[in-house]
Amino acid sequence: MKIVLVDPSRLILKVTSGYLAETGYDVVAFTDATEALAHVQADAEVEVLVTGLEPHGLSGLDLCRLARDFVGARRALHVIVMSSSSESRRIAEALDAGADDFMSKPPEPEEFLARLRVAARATAAQRELLRLATVDGLTGLLNRRAFFEAAEQTPGQACCLTMFDIDRFKQINDSFGHAAGDRVIAAVAREAARQGDVAGRLGGEEFALVVPERRLADAIDLCEDLRARIAALSFADIHRDLAATCSFGVVARGEDEDIGAALQRADIALYAAKTSGRNRVVA
Ligand code: GH3
Ligand code: MG
Ligand code: MG
Ligand code: MG
């Protein structure tokens, strides 16, 4: 677990970092809250922020607020405020500023370590909820909403997009059963995941991929490879006649075009791929 520790006292930072590191925690210490905030923002693996109330740069409460605002609900971050005063008003202010926990300063190792075990439980639960909310259970790809969010993060113009759909999938279900259909969906998804980091299952047997190519011609080549690999998949352990093909619509995303608009264009190209015979790539 990565911890960012913030306090103006170098002595407290040194002593505390010492026993946390001995226990196996990965600690980065700051006397300046602005630097600490930048570190929390830059390293998504930081899951615990521990701050005194009066570091350099920003107040501890402002650091809580800014760190909390930055991560929102998209990342697990457990914030602990430590203060030499344990007046109720102080504790309430810290909790209202976004802290999850409060402890006296300097912290007693036994208590601090126990509070970090609380932090580990809380962040593990939040990470699991985030995973359940973003990852499709059958395929391990991003679900529809998470795909849109992730794709929106990739700068426009730097990529192309494809939307693709399994051909005559209803027949696959009807002829070989729903479980076989699920196996086909999972196998198609595995091939798609090999082709790019941002791969999503938009619904049923429909997928989308951010293609890490700038030029439409290169994106078409990449989709053509993916199309051929899917068509070559064998499902002989289910039935020797079971096979799957996909139709693809590909677009280059415009500079300021949002993902929804680009995918709508990809869907139109996908429709053209379907009506012109299926198992093909149309741009
Ligand atoms: P087309 O070539 O035009 O895409 O034909 P299609 O049969 O694939 O058409 P359509 O998109 O209408 O059918 C999709 C079917 O996928 C309908 C639905 O029953 C089935 N389906 C949706 N989600 C799942 C799933 O998770 N598992 C299985 N086995 N089937 C699913
Ligand atoms: Mg369809
Ligand atoms: Mg289909
Ligand atoms: Mg479909």
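Two strands count as paired if DSSP finds at least two bridges between them. The views below show a predicted model.

**View 1. Strands β1 and β2 pair side by side.** Strand β1, residues 2-6, runs parallel to β2, and five bridges join the two. At one position of this pairing, valine 6 has phenylalanine 30 of β2 opposite it. Strands of a sheet pair through backbone hydrogen bonds, in either a parallel or an antiparallel manner.

**View 2. The open sheet contains five strands.** Their order is β2-β1-β3-β4-β5, with parallel pairing. The edges are taken by β2 (26-30) and β5 (101-104); each has a single partner strand, so one side of each is left without a neighbour in the sheet. On average, neighbouring strands are turned by 20° against each other, direction ignored.

**View 3. Helix α1 lies across two strands.** The helix spans residues 10-23 and lies across β1 and β2. Relative to β2, helix α1 runs at about 170°.

**View 4. Strand β3 is largely enclosed.** Seven of the seven residues of β3 (residues 46-52) are buried, so the rest of the structure largely encloses this strand. Five bridges join β3 to β1, and the two run parallel. Within that pairing, lysine 2 has valine 46 of β3 as its bridge partner.

View 5. Strand β4 covers residues 78-83 and runs parallel to β3, with five bridges between them. Here valine 48 stands opposite histidine 78 of β4. Together with helix α3 (residues 60-71), β3 and β4 form a right-handed β-α-β unit.

How values were computed. Residues numbered from 1 in each chain as written. Chains lettered and ligands numbered in written order. Predicted model: local features only at pLDDT ≥ 70, side-chain atom pairs only at ≥ 80, totals over all residues. Helix = DSSP H or I, 4+ residues; strand = E, 2+ residues; numbered from the N terminus. Axes fitted to C-alpha atoms, helices over the stretch in contact; angles between N-to-C directions. Contact = placed C-beta atoms within 7 Å. Buried ≥ 20, exposed ≤ 12 C-beta atoms within 10 Å, placed from the backbone. Right-handed = clockwise from strand over helix to strand, strands pointing away.
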